[in-house]
Amino acid sequence: MDDLEKVERLRERADVSYEEAKKALDECGGNMLDAMVYLEQQGKVKKPGKTSYTTQYEEPKDFKDVGMEKKNSGFRDSCNRFFNWCGRVIQKGNQTYFRVDRNEENIIRVPVTVFVLLTILFFWILFWVLVAGLFLGCRYSFEGVDEVTVDVNKAMDRAAEAADSIKKEFTERDSE
């Protein structure tokens, strides 16, 4: 970053003139942080207000009871947390995909949410279709926006390799 950019940034952050920003940078050898501290010590920059964080809850003084009993609000909070969790799971499922590839070409790519619903509704049909797909050279994997950290993809690769080895055994027996 050249001197002009430093002066401009310091001027914007400290809300001082170009001249004051240049002087502060010169005094501090071009160090932006030191220049900011220098300007604070000179009284040209307002020091940030004091803030603190705590894990203890203090009820606001103007808190008004809305007519809910404590046990009902606890149940309501539990329901809200449960539905928020369900929403996050569904959102993650919609951002993660189940892929079916054959010969390095993508055949099917569906959101995991849809895949789970199909599995629940048509388990045995889907199970046999997936097993047959292994013997037809299909590879299954999960992909998503975030890195899929579950080792499901490795397990699916091992299942596909096992299906390939079984297929090779049958073809070798037939050729003998």
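**Cores and helix packing**

Modeller: The largest nonpolar core has 13 residues, and those with the most contacts inside it are L10, V16, A24, L25, A35 and L39. A nonpolar core here is a set of buried Ala, Val, Leu, Ile, Met, Phe, Trp, Tyr and Cys residues joined through side-chain atoms within 4.5 Å. Buried means under 20% relative accessible area, exposed over 50%, and partly exposed in between, using a 1.4 Å probe and protein chains only. Bear in mind that this is a predicted model: local features need pLDDT of at least 70, side-chain atom pairs count only at pLDDT 80 or more, and totals for chains, interfaces and linings use all residues. Residues are numbered from 1 along each chain as its sequence is written, and side-chain values use heavy atoms, with hydrogens and water left out.

Colleague: Which helix gives the most to this core?

Modeller: α1 (3-14), α2 and α3 each supply at least two residues of this core. Helices (H or I, at least four residues) and strands (E, at least two) are DSSP runs, numbered from the N terminus. With 4 residues, the one that gives the most is α3.

Colleague: And which residues does A24 touch, leaving out those up to four places away in sequence?

Modeller: A24 is among the residues with the most contacts inside the largest core. Contact means heavy atoms within 4.5 Å. Counted that way, A24 touches L10, A35, Y38 and L39.

Colleague: At what angle do α2 and α3 pack?

Modeller: Helix α2 covers residues 18-27 and helix α3 residues 32-41. Axes are lines fitted to C-alpha atoms, for helices over the stretch in contact, and angles run from 0 to 180 degrees between N-to-C directions. The two axes are 8 Å apart, and the angle is about 115°.

Colleague: How do the residues of that contact divide by class?

Modeller: The contact is made by E20, K23, A24, L25 and E27 of α2 and M32, A35, Y38 and L39 of α3. Ala, Val, Leu, Ile, Met, Phe, Trp, Tyr, Cys and Pro count as nonpolar, Asp, Glu, Lys and Arg as charged, and the others, Gly among them, as polar. That gives 6 nonpolar, no polar and 3 charged.

Colleague: What about α1 and α2: how far apart are their axes?

Modeller: K6, V7, E8, L10 and R11 in α1 meet Y18, A21, K22, A24 and L25 in α2. By class, this contact has 6 nonpolar, no polar and 4 charged residues. The helices pack at an angle of about 115°, and their axes are apart by 9 Å.

Colleague: Is R9 buried, partly exposed or exposed?

Modeller: R9 lies in helix α1. The C-alpha atoms of R9 and M32, 23 residues apart along the chain, are separated by 8.7 Å. Because its relative accessible area is 38%, R9 is partly exposed.

Colleague: Now R99: which side chain does its own side chain meet in a polar contact?

Modeller: R99 sits in strand β1 (residues 96-102), and at 19% relative accessibility it counts as buried. A polar contact is a pair of N or O atoms within 3.5 Å; within protein, one must be able to donate a hydrogen and the other to accept it, and residues adjacent in sequence count only if both atoms are side-chain atoms. At 3.2 Å, the partner is E143.

Colleague: Last one: how much of the protein chain is buried?

Modeller: The protein chain has 7 helices and 3 strands. Of its 176 residues, the buried ones make up 20%.
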